[in-house]
Amino acid sequence: MSFRTRLLSGFLLLALLPLAAFAVGLRREITQRLTAEFDRQADLATASMEADLSSQSRMIERRLIALAARVADDDRLRRAILVGPGSPDRAYQLDFASAVMEPAGLSVLQLQDASGRILSSGHFRNEFDRLAPELPDVLGRLTGGATLTTIRTADTSFVALVRMQTLRVSGQPLVLVGGLRVGDQFLASLAPDEAVTVLLELPGAAAAGSDPAAAGSAEAATAAAVTDLPANRVVGRIEFPFAGPGGAEEAQAHFVIRQSLAALTALQRSLSLWFAAGSGLALLGAMLLAAWVSARLSRPLEELSKKTSRLDLDRLDIDFRSSRRDEVGDLSRLLQAMTGRLRASASRLRDAERQATRGEMARQVNHDIKNGLVPIRNVVEHLTQVTQDEPEQLGRVFADRGTTLISGIRYLEDLAANYARLAPKAEPQRIDVNRNIGEIAAAGNLAVRCEVIMEPDLPALHGDPVAFRRILENLISNAREAVGEGGGPVRVRAERVRQDGSDQIRISVEDDGPGLQPEDRDKIFADFFTTRPGGTGLGLSIVRRLVTDMGGRISVHSEPGQGARFTVELPAAEHSAGERVDRSPEPAK
């Protein structure tokens, strides 16, 4: 991140964080206060609605009392009730309830005798003579006197709030059942203000679609199915008795009170818009201020950066002098002083590099020569032992081991020629993998047995044969030293694998030695890292570099006490005419 970007980010945070904290706090405080006020209004609305329902129930009771007095004073109605169906006033009796219902301000009115037979019905005239004692029985058991019930008409059914009033006509007990229709207008009259909505939730309203007469009116069923809208919440539920169709069942209905939060939502939206506008202005101001300040500061810093980018050990003549008296001037003078010290130290640094290069080269030469001398020394020691113990076998043993001796001498000659050039130029050749592995495994410390498993027709490698032999020498020698004399065996496997669409030669060298600690596995290929006393720490570092130069890769798998397995994968070469193939010399005749 550039200095200008960091400066801009800092100004933006400085401008936006206080504004955001103020906006969040203000929004939270207003929301809490308005929510508390809405809760108070909701409690008042619930209490007001309960009072309204009680008032409606008492109003129905008063109207029924007045109608009961009218029934008692109506001689024509009394004669019709006493005479029965054959009375000449029969039609007057049937029309009585419908004639007085609406003037009394009721939506439901029916006159029943003591057996429950309907004598006159105002909301459904053709209900006369039907026995319906269930609703009066339910109303008689209620202490409050009022209940909700489903009222049937000729065309449909609806929910009504009803009460009952008893009276006697000529010594005969009668019942007046009357009430009000509970529809949208009734529910709206219960709401104290526009922010409050009242819905009626009936028991079993989920079945309203299949049997409206059993579950309630279409209005009540629709109200019961309404779910909470995002801007509304349920703030109260008033439980009220409910009698099923004909008063056959007793249950509980609920008046659900919902309160609209549209005002709060609109206020929150307004606050968000104002916050967005304020944030935009703050953002614009912060960007302009940051651009002006960064231009004043970053321009001299960019000049210093350009000069510093040209600074190099071979180019220390950059002039950082400045006449500024601020922090940028102090930095320029520090860079000028540093450049002077670098010029004074450059020659000493080059001398130190040459000394270090010579030391590293000496250690590498020592390591490679030691590896090359090991098979020669072992062959000579073997021949000396045969001369002492079985001199007559000397010729045969020399013929068997002569190839190893000549191969080791040739390896040292090539190594010497390469080091003589200091920067040896590799001579890529086709390398016979099986022959090289077989010779190196047969040489070295014969006290450690080598098991070699090779595919008979392995393709050749293309690369520097000296580098390939150095790779094998190092890995097999390390494995033998890991198991020690009398240990083993060291297992060497060479096979062809197919990876990424090309042939690869995979060579693995495995031993049963002490293995590697987990913390050593990541450092095993580093320069000068060794786990053996007296080791130089260059062998595996050289192996990794040589494998990489040949286009391959090397990996190690090891656990403490379970040995180690080094795996080298090198790209196979296709044979082309006229190309040299590196082969070790034939055994001496």
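## Ground rules

A residue counts as buried with under 20% relative accessible area, as exposed with over 50%, and as partly exposed in between, using a 1.4 Å probe and protein chains only.

What you're looking at is a predicted model, where local features need pLDDT of at least 70, side-chain atom pairs count only at pLDDT 80 or more, and totals for chains, interfaces and linings use all residues. Residues are numbered from 1 along each chain as its sequence is written, and side-chain values use heavy atoms, with hydrogens and water left out. Helices (H or I, at least four residues) and strands (E, at least two) are DSSP runs, numbered from the N terminus.

## The 8-strand sheet

Let's start with the open sheet of 8 strands, ordered S2-S1-S5-S4-S3-S7-S8-S6, in which the pairing is mixed. Two strands pair if DSSP finds at least two bridges between them. S2 and strand S6 (196-201) sit at the edges with a single partner strand each, so one side of each has no neighbour in the sheet. On average, neighbouring strands here are turned by 35 degrees against each other, direction ignored. Axes are lines fitted to C-alpha atoms (for helices, over the stretch in contact), and angles run from 0 to 180 degrees between N-to-C directions.

Inside this sheet, S3 and strand S7 (residues 232-243) run parallel and are joined by 2 bridges. Thr149 belongs to strand S3 (residues 147-152) and stands opposite Ala243 in S7. The side chain of Thr149 also reaches the backbone oxygen of Ala243 at 3.0 Å. That is a polar contact: a pair of N or O atoms within 3.5 Å where, within protein, one must be able to donate a hydrogen and the other to accept it, and residues adjacent in sequence count only if both atoms are side-chain atoms. Thr149 has 1% relative accessibility, so it counts as buried.

Over in strand S2 (residues 118-121) you'll find Ser120. Its relative accessibility is 1%, so Ser120 counts as buried. The Ser120 side chain reaches the backbone nitrogen of Ala97 at 3.0 Å.

Back to Asp129, which is in the loop between S2 and helix H4 (134-141). Most residues other than glycine have a negative phi. Asp129 is not a glycine, yet has a positive phi of about 65 degrees.

## Two nonpolar cores

A nonpolar core is a set of buried Ala, Val, Leu, Ile, Met, Phe, Trp, Tyr and Cys residues joined through side-chain atoms within 4.5 Å. The largest one has 44 residues, and those with the most contacts inside it are Leu109, Leu148, Leu176, Val182, Leu200 and Phe255. Helix H1 (residues 3-73) supplies the largest share of this core, 9 residues. Apart from it lies another core, of 39 residues, including Leu538, Met550, Val556 and Val568.

## The 5-strand sheet

Another open sheet has 5 strands in the order S10-S12-S13-S15-S14, again with mixed pairing. Its edge strands are strand S10 (450-454) and strand S14 (553-558), each pairing on one side only. The twist averages 20 degrees from one strand to the next.

Strand S12 (residues 490-499) and strand S13 (residues 502-511) run antiparallel, joined by 9 bridges, with Glu495 opposite Arg506 in S13. They make a hairpin with 2 residues between them, and Asp500 in the turn has a positive phi of about 55 degrees. S13 also pairs with strand S15 (residues 564-571) in the antiparallel sense, over 8 bridges; here Asp511 has Ala564 in S15 as its bridge partner. S14 and S15 run antiparallel too, with 6 bridges, and Ile554 is partnered with Val568 in S15.

## Helices

In helix H14 (residues 539-549), Gly539, Leu540, Ser541, Ile542, Val543, Leu546 and Val547 are buried. After H14 comes Gly551, with a positive phi near 80 degrees.

How do helix H11 (residues 433-442) and helix H12 (residues 465-483) cross, and at what angle? Their axes come within 10 Å and cross at roughly 40 degrees, so H11 and H12 are oblique to each other. Angles under 35 degrees count as roughly parallel, over 145 as roughly antiparallel, 65 to 115 as roughly perpendicular, and the rest as oblique.
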